[in-house]
Amino acid sequence: MTIAPVTRSAVNPDKHNERLLVLADDLTGALDTGVQFAKKSISTGVFPCAEEINAVNQNTGSPDFSVTVINTDSRHISPEASRKIIKTAVNADNNFTYFYKKTDSCLRGNIGAELEALMEAADSRFLAFVPAYPDLKRYTRNGYQYLEEKPIHESSMANDPFNPITESFVPAIIGKQSKIPVRIVPAGGKITASKNREILVFDAQETKDLKSIAAALLKKKLLHVSAGCAGFAQALTETLPLEKKPDTEKQKITELPLLIVSGSLHPVSINQVKTAMRADIPAIGANCDAVSYGAVYCGAVYRETSGMSDPAPEDAEKIISFCAKELGSKKICILGTKAALGEKTMSAEDTAPGKGQADVSASAQIAQSIGSLVKKIISKTGPLNLAIFGGDTLLGIAKALEYKCLAPLLEIRPGVVLAQIYGQEKGLLITKAGAFGEANLIKIIADYLNSRYLFASA
């Protein structure tokens, strides 16, 4: 038995059901949040782009998910543009009971602007912000955000090429883009709501803290608008009165080759790829112009003094042929940029905050080019299972392959999501952000798919 495509019949069409809108600023975050609800048998749809909702509704009839997750793709844009996107998304549908702003667990992106915009659009004077994710070693202590045991501005996130983190005090991060007063609630502290507009930041160090916060907020009827990462979303699955559908039977995964695509420059992802390569998993790194021939040039992200070269068309064809050959014979292959495979290193000057930071438009162009490569590979091989590391890379591939809606199924590991493409019978999608996971994660993913069984609910 193969995985059945998602259909409207799997969802209760009663429009009076409680509904939740989740807004995430990147696609991996949208999936790792949406899967928390899917694991609890709550019907969930993840839209790679906000405009895709109408396309899905027109083609299939409104699926009427209990949880709708929208990727606003707003992490790397201006605060003003992100405000507009959040307000437009909220105002597009007045049938939602609850709103959740999914934020990055290391507080990258337009945090203050998007929290403020959500409060204004949802007409709420109170927002509970719970940014901790203990399962991934993200903690909030005395209002400061930690990655493992380091304040986030002292962690690897300080050198993020797009959003270098220079501050760990959550109220200060919010205050850069919002004038709404922020108050810290210590673990176990009393929750009170002011008559004036206010954001409450909650300390949390353990998963049980998140559950306690969610339960206390529900009791006080303060969960209409909230925010946090996938950790607090997990707590909401046990708290919000969202309808559950019957559990799905154990199902068999269609046996397909696995293509791993990594565009993440985070050291964790690079190490995962290098670990797989040392285990003789075939890999190829693209190093050519992002615009020409649908291939990739890493120097388009990091502007190099030597400038950009113009590749020959056969460079892209070589990559496509290599992947198709290895997928046909070994059933597994890795595709990435040279930097993502650890074959090209960036200097400290390149990645220092304020110096040679990555060009976001060039990065989007690279992601689009990777998507084009993947599409051409699939045209040669037929359907594949795809494992994609990095939110920008995932979005580029989703656009190239014209994914309208994704149905998250489960987590192979925390933050490593297995999803089905809406209405597509063959080919599964495994996604994760760059900054976490075991060194041998690629082997873990391959072994899981080779077991050929999954459960659609936890």
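Which residues have the most contacts inside the largest nonpolar core? Select Leu 20, Phe 202, Leu 217, Phe 232, Leu 259, Leu 335 and Leu 386: these have the most contacts within that core, which has 65 residues. Keep in mind throughout that this is a predicted model.

**Stop 1: around Leu 20**

Stay on Leu 20 and show its neighbours. Leaving aside residues up to four places away in sequence, Leu 20 touches Phe 37, Ser 66, Val 67, Thr 68, Phe 96, Tyr 98, Phe 99, Tyr 100, Leu 240 and Leu 242. Another core, of 32 residues, lies apart from the largest one. To find this other core, select some of its members, including Ile 86, Phe 129, Ile 165 and Val 201. As a rule, nonpolar side chains in soluble globular proteins tend to be buried together.

**Stop 2: helices α3 and α4**

Next, select residues 79-91 for α3 and residues 111-121 for α4. The two helices pack at an angle of about 30°, and their axes are 8 Å apart. The crossing of α3 past α4 is right-handed.

Now show side chains where the helices meet. On the α3 side are Pro 79, Ser 82, Arg 83, Ile 86, Lys 87, Val 90 and Asn 91. Facing them in α4 are Ala 113, Glu 114, Glu 116, Ala 117, Leu 118, Glu 120 and Ala 121. By type, the residues of this contact are 7 nonpolar, 2 polar and 5 charged.

**Stop 3: the surroundings of α4**

Keep α4 selected and bring back the rest of the chain. Of the 11 residues of α4, 10 are buried, so this helix is largely enclosed by the rest of the structure. Among the buried ones are Ile 111, Gly 112, Leu 115 and Met 119. To see what they pack against, colour α3, β4 (98-102), β5 (126-130), α5, β10 (198-202) and β11 (225-228). Just after the helix, select Asp 123, which has a positive phi of about 55°.

**Stop 4: aromatic rings**

The structure holds 5 aromatic pairs. For one of them, select Tyr 144 and Phe 169: the pair is tilted, 4.7 Å centre to centre, with 40° between the planes. Tyr 144 belongs to strand β7 (residues 144-147), while Phe 169 sits in the loop between β8 (150-151) and α5 (170-175). The two are 25 residues apart, and their pairing links distant parts of the chain.

Finish by selecting Phe 47, Phe 65 and Tyr 422, which form one aromatic cluster.

Technical notes
Residues numbered from 1 in each chain as written. Predicted model: local features only at pLDDT ≥ 70, side-chain atom pairs only at ≥ 80, totals over all residues. Heavy atoms only, no water. Axes fitted to C-alpha atoms, helices over the stretch in contact; angles between N-to-C directions. Helix = DSSP H or I, 4+ residues; strand = E, 2+ residues; numbered from the N terminus. Left-handed = near helix turned anticlockwise from the far one by under 90°. Contact = heavy atoms within 4.5 Å. Nonpolar A, V, L, I, M, F, W, Y, C, P; charged D, E, K, R; others polar. Core = buried A, V, L, I, M, F, W, Y, C linked by side-chain atoms within 4.5 Å. Buried < 20%, exposed > 50% of the residue type's maximum accessible area, 1.4 Å probe, protein only. Phe/Tyr/Trp six-rings, centres within 6.5 Å; stacked < 30°, edge-to-face > 60°.
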